[in-house]
Amino acid sequence: MPQPVSDFIVERLHQWGVNRIFGYPGDGINGVMGSLDRAEDKVKFIQVRHEEVASLMACAHAKFTGEVGVCLATSGPGAIHLLNGLYDAKLDHQPVVALVGQKARTALGGHSQQEVDLLTLFKDVASEFVQVAMEPSQVRHLIDRAFRIAKDQRTVTCVILPSDLQELEYQEPEHKHGTVHSGIGYLPPRVLPRDEDLQKAAEVLNAGKRVAILIGAGAKDAASEVTQIAEVLGAGVAKAYLGKAALPDDLPFVTGAIGFFGTEASHQMMAHCDTLLMIGSSFPYAEFLPQEGQARGVQIDLDGRMLSIRYPMEVPLIGDSAETLRALLPLLQRKEDRSWRQTIEQNILKWEEQLTQEASHPANPVNPRLVFQKLSPRLPDKAILAADSGSSSSWTAQYLKIREGMKFSVSGTLATMGCALPYALAAKFAFPDRVAFAFAGDGAMQMGSTEELLTIQKYYRQWSNPRLIVLVLNNRDLNFVTWEQRMNEGNPKFDDSQVLPDFNYAAYAESIGLIGIRIERPDQIDAAWETALKADRPVVIDALTDPEIMPITPQVAANFAENIAEAIEKGDTAAEQRLEEPLKAAVEEAKEKKE
């Protein structure tokens with residue numbers, strides 16, 4: 001039976017296992033919209049408030065499910081809006097397919113309204129595959145290749161669909177020269193290093209007396225193997241931020257986060273190790289890794305391009321994390337001297353004590369650390385967490401303890417603002433029975449996430465468990481950047497760029513039929529979380545937090561003491577209101593040197 005090209009596209013998406021598409025309509029994609037309507041929910045269309053959110057949700061869907069995420073936008077401005085979320089997917093190695101409308105083929109080159117050179121626009125973000133469909137029989141292999149390449153390369157691909165082509169009758173490719181006959185399906189390969197290279201890695205790891213392990217998102221399916229390796233080697237395990245959910249935090253050898261909001265236990269382990277095993281991570285900050293020459297290195301990554309670029313590795317192994325660790329394990333010798341492991345575990349306990357003390361420090365009006373500390377033991381089993389870029393990531397990394405079965409993600413390499421709420425939304429569509437959390441600053445909310453509360457309001461009744469909890473750190477400040485101005489440049493807070501308009505997020509949530517809770521005092525935190533976790537609908541918690549609680553750990557910030565002292569000297573007295581040791585002493589010393 002004849003069918004339009006757009007109907008074939010939607011059916012082909014269904015055959016590739018696509019259940020939902022995130023997007024926003026427009027005349028450049030109306031043919032596909034009509035087909036989605038006719039598809040009787042084979043492929044569900046999820047309407048967002050802005051195309052950027054559609055691409056962020058597609059990325060999050062890929063991260064949380066392992067499936068290909070799909071987003072849809074019209075020509076011109078709609079297509080342009082997709083780019084941010086698509087770069088999020090590309091830089092974090094996630095399979096996403098973008099379907100983008102275009103002006104009619106007959107209009108191209110005529111300076112038509114909303115005519116944009118989409119091939120050029122998407123050539124970088126979809127560098128592995130971006131094509132314009134120009135003929136009905138071409139569509140089959142364009143869709144097939146877009147999905148197969150996205151899966152195989154763990155990247156973004158794009159198919160551009162002129163509006164007139166969508167309405168034409170679909171035709172199968174003829175059996176003749178110059179045609180392409182593609183099929184559906186992708187089976188991932190088993191990727192293992194050579195036996196001799198595994199032996200080299202084992203020799204390095206067996207020779208080490210103080211082994212440190214760093215894991216990232218690439219180790220998310222290798223928790224059992226990482227645990228066994230750490231036990232044999234007597235090692236501690238630090239987690240890059242994207243790898244937060246790769247291993248539970250309740251294991252005694254897990255040192256937690258690393259980097260600017262990492263734990264002192266992680267940093268001490270890296271400073272004193274003699275061997276580094278990096279698994280599935282592209283953690284970018286060299287200053288938090290061992291000094292070059294201090295440690296021998298082994299790295300495991302599925303992508304050979306990511307090997308030995310953060311630390312010079314003696315044995316760089318290309319392989320799947322779980323498969324490679326399973327092959328490596330029989331070659332390793334158990335370390336009988338457990339003194340290194342004992343030191344690591346003692347440092348973890350000391351860090352936990354410090355976190356508890358710092359959460360109890362006074363603030364004006366609420367210490368953000370306390371908000372997260374109070375939530376951590378209350379997190380439901382199998383909760384899905386998403387944090388935004390900024391100070392919300394600091395507190396998420398430091399205070400929220402991941403348990404087995406939980407999921408977490410964030411815009412890692414791109415670190416874009418406005419990711420938390422779209423990520424949590426995507427999680428709810430993929431796992432409607434699980435509780436999802438979005439942790440966002442007021443800057444991220446005002447950048448576009450506030451509007452997406454309407455998307456939550458539109459869809460939450462479809463979820464078997466309606467609980468989606470949005471925590472807003474309402475400090476009227478673009479907080480992380482404020483501290484970067486002080487720390488990196490020695491400049492005082494620039495009010496014109498940093499101070500945000502006051503807004504009552506809880507009241508707004510109430511106005512659209514959600515539950516809004518406002519935290520204005522520390523003694524309201526417990527009740528807020530209890531109410532939110534028992535709610536029968538999504539909740540927005542509007543926490544009035546203190547912007548002068550530094551999101552960087554005091555130990556790390558002490559390295560920037562001279563710049564902070566300079567910012568204070570220039571009149572930023574607020575910067576010294578909540579300084580904690582050892583930063584406080586380092587700033588005082590820097591001020592004395594200037595006098």
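1. A cavity is here a set of points, on a 1 Å grid over the protein atoms alone, where a 1.4 Å probe fits but cannot get out, and its lining residues have an atom within 4 Å of a point. The second largest cavity is lined by Pro 368, Ser 391, Trp 395, Leu 473, Asn 475, Asn 479, Thr 545, Asp 546 and Ile 549.

2. This is a predicted model, in which local features need pLDDT of at least 70 and side-chain atom pairs count only at pLDDT 80 or more, while totals for chains, interfaces and linings use all residues. Residues are numbered from 1 along each chain as its sequence is written, and side-chain values use heavy atoms, with hydrogens and water left out.

3. The count comes to two cavities of 30 Å³ or more.

4. Arg 369, Glu 548, Met 550, Ile 552, Pro 554, Arg 578, Leu 579, Glu 580 and Leu 583 line the largest cavity. This lining divides into five nonpolar, no polar and four charged residues, whereas that of the second largest cavity has four nonpolar, four polar and one charged. Ala, Val, Leu, Ile, Met, Phe, Trp, Tyr, Cys and Pro count as nonpolar, Asp, Glu, Lys and Arg as charged, and the others, Gly among them, as polar.

Methods. 1 Å grid on protein atoms, 1.4 Å probe; cavity = no way out; pocket = protein on both sides within 12 Å on 5 of 7 lines; lining within 4 Å. Points joined across faces, edges and corners; volume = space filled by probe spheres on them.
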